Amino acid sequence: MTITSSSAWLSLLEHADAMRDYRVAEAFQADPARADRFSLRAAGLFVDFSKQRINAETLARLLAVAEAADVLARRDAMAAGEPINCTEQRAVLHMALRNRAGSSRRYVTRGYDVASDVEAVQQQMARLCDDIHSGRWRGWRGDKITDVVNIGIGGSDLGPFMVTEALRRDAFPAIRAHFVSNVDGAHLQRVLSQCNPGSTLFVIVSKTFSTTETLMNARAAREWLLASGAKERDVCKHFVAVSAYLDAAREFGIDAANVFQFWDWVGGRFSLWSAVGLTIALATSMAVFRDLLAGAHAMDEHFLTAAPECNLPLLMALIGVWNRNGLGAESLCVAPYSQDLRRLPSYLQQLEMESNGKSVGIDGAPLEVATCPLIWGEPGTNGQHAFFQLLHQGTTVVPVDFIAVLANDGSYPDHQRALLANCFAQSEALMLGKTESQVRAELIEAGLDAAAVNSLAPHKIFAGNRPSTTILLPALTAHSIGALIALYEHKVFAQGVLWGVNSFDQWGVELGKQLARRIDLELAEGAISSVGKPAHDASTRNLMAAAIGATGSIKR
């Protein structure tokens, strides 16, 4: 039986119909304890759901849906190392990467406890960090390493990039970190123009070590190094690799001692806790990286042990399902009121949409339920001067996750106060709105005549009752960032269970890759295949012809 045919799901949809006219502002007036009732703390984070369009009955029915979907049983199966990635027959053990030394919790797959492997790679990372930071590691000219360039894409880029930017206050002062992901050569060129070949270390991150974009950029970086006068034997001084396929990395020319392993039980978008996060550690320190792991571990323990009614990731997942399937919201805006978290919406786009952007259930049957909403966003206060107009007065209701950091780092305290004021005001304004009578009273008080009031009033009405959640971090530390990311990871997992999808595969990215390989060969040859029936549709053939006509052929 699918969740959509369960009595709990049908009951939830009935409740959604009854809640169409529910006004959150009125609920606050009727219940002075509402804010406390719908707020939780976990792993150092404070999360306020009280501005969501929910009441106690909503939560009760959502929790009944979670029970019907066996979310907690699936959670325990994941922690036990069962192959819950059913299409690839793999365990999902990213929590093992941040399990603490001395913990009684064990993560086992196929009868093997992975703790020793995880610790061995972390020790290897620590040695490299120490060698780089101490200056023992030298480039081919004898220079200390000053620049670290992470070459990867998707999960091998978005997480490490986001965290490294967020932890700039913990940056190791003698190291500059850069990230290259796009196969557009302008991306690599821009980064290399800032680097010296003699003092640059490249971290090549690819789970399979076959990702087209990553390997193209890696080869170009090696050619750049060799063009500076370095020899093939010098490549090992400037390249390290992170991969689940160690032989492929070694064939590239990377010294076996400098290949860092991660495993098939770590999904790419859940991998920043592994050696995929090596650039985070190099850009800060291994101690900071371990603190990041500790924050995630604290959220793991909460998720694994807290009762459903106070389980923060589960409740976030349920409220997301309520907004998507109960209220019909098609997107979720993520608005971090922290410039240092500016990459968080991009990171969450992959985490959520690649995980749960599915239309087929784990049984292979088409789903009868809408799944992952579109994830988008931009830091506040920039977003207020861009798309918040739509959030307040647009025809589409968009739930918002507001994320704010309470502590100021000691610089520009007035800016921090204004930032928090804007964050809190926006969530309040989205909820309250402004009625026609309020607008008319303001315009009359401003001295406008009746005609002007009648003309202007409709444009200044805000419907309000637009749902949001606010997440507060005590400070922008590695620990709090780790907890925040783990919160969203577990939310995504729980929603995948609720919708009945496998959150840990991504077959949807494969078709475009296959077609791109064919087209790339034809562009290089300057001829479009026409063997048998046309190999491409007319539009694609015209586009390819335009590219070939402009350049003759696009050489490899």
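At 4% relative accessibility, Phe493 counts as buried (under 20% relative accessible area, with exposed over 50% and partly exposed in between, for a 1.4 Å probe and protein chains only). This is a predicted model, in which local features need pLDDT of at least 70, side-chain atom pairs count only at pLDDT 80 or more, and totals for chains, interfaces and linings use all residues. Residues are numbered from 1 along each chain as its sequence is written, and side-chain values use heavy atoms, with hydrogens and water left out.

**Helix 9**

- Helices (H or I, at least four residues) and strands (E, at least two) are DSSP runs, numbered from the N terminus.
- The 16 residues of helix 9 (residues 212-227) should span 22 Å at 1.5 Å a residue, and the 22 Å between its end C-alpha atoms agrees with this; the expected span is 1.5 Å times one less than the number of residues.
- Buried in helix 9 are Thr214, Leu215, Asn217, Ala218, Ala221, Arg222 and Leu225.
- These residues lie on the same side of helix 9, because they cover an arc of only 165° around the axis, taken from the directions from the helix axis to the C-beta atoms.
- Exposed residues Glu223 and Ala227 are carried on the face of helix 9 turned away from its buried side.
- The cover over the buried residues of helix 9 includes strand 5 (147-151), strand 6 (176-180), helix 8 (185-192), strand 7 (200-205) and strand 8 (239-243), where contact means heavy atoms within 4.5 Å.
- Gly229, with a positive phi near 115°, follows helix 9.

**Aromatic pairs**

- Rings of Phe, Tyr and Trp (its six-membered ring) pair if their centres lie within 6.5 Å; planes under 30 degrees apart count as stacked, over 60 as edge-to-face and the rest as tilted.
- The count by this rule comes to 13 aromatic pairs.
- One of them is the tilted pair of Phe239 and Phe252, at 5.9 Å centre to centre with 55° between the planes.
- Phe239 in strand 8 and Phe252 in the loop between helix 10 (246-251) and strand 9 (259-261) are 13 residues apart, and their pair links distant parts of the chain.
- Phe239 is buried at a relative accessible area of 0%, and Phe252 is buried at 8%.
- Phe493 and Phe504 also form a tilted pair, with ring centres 6.3 Å apart and planes at 35°.
- Ring pairs join Phe202, Phe209, Trp224, Phe239 and Phe252 into a cluster.

**Charges over rings**

- The charged end of Arg222 sits over the ring of Phe252, 4.3 Å from its centre (NZ of Lys or CZ of Arg within 6 Å of the ring centre and within 35 degrees of the ring normal).
- Arg75 lies over the face of Phe303, at 5.9 Å from the ring centre.
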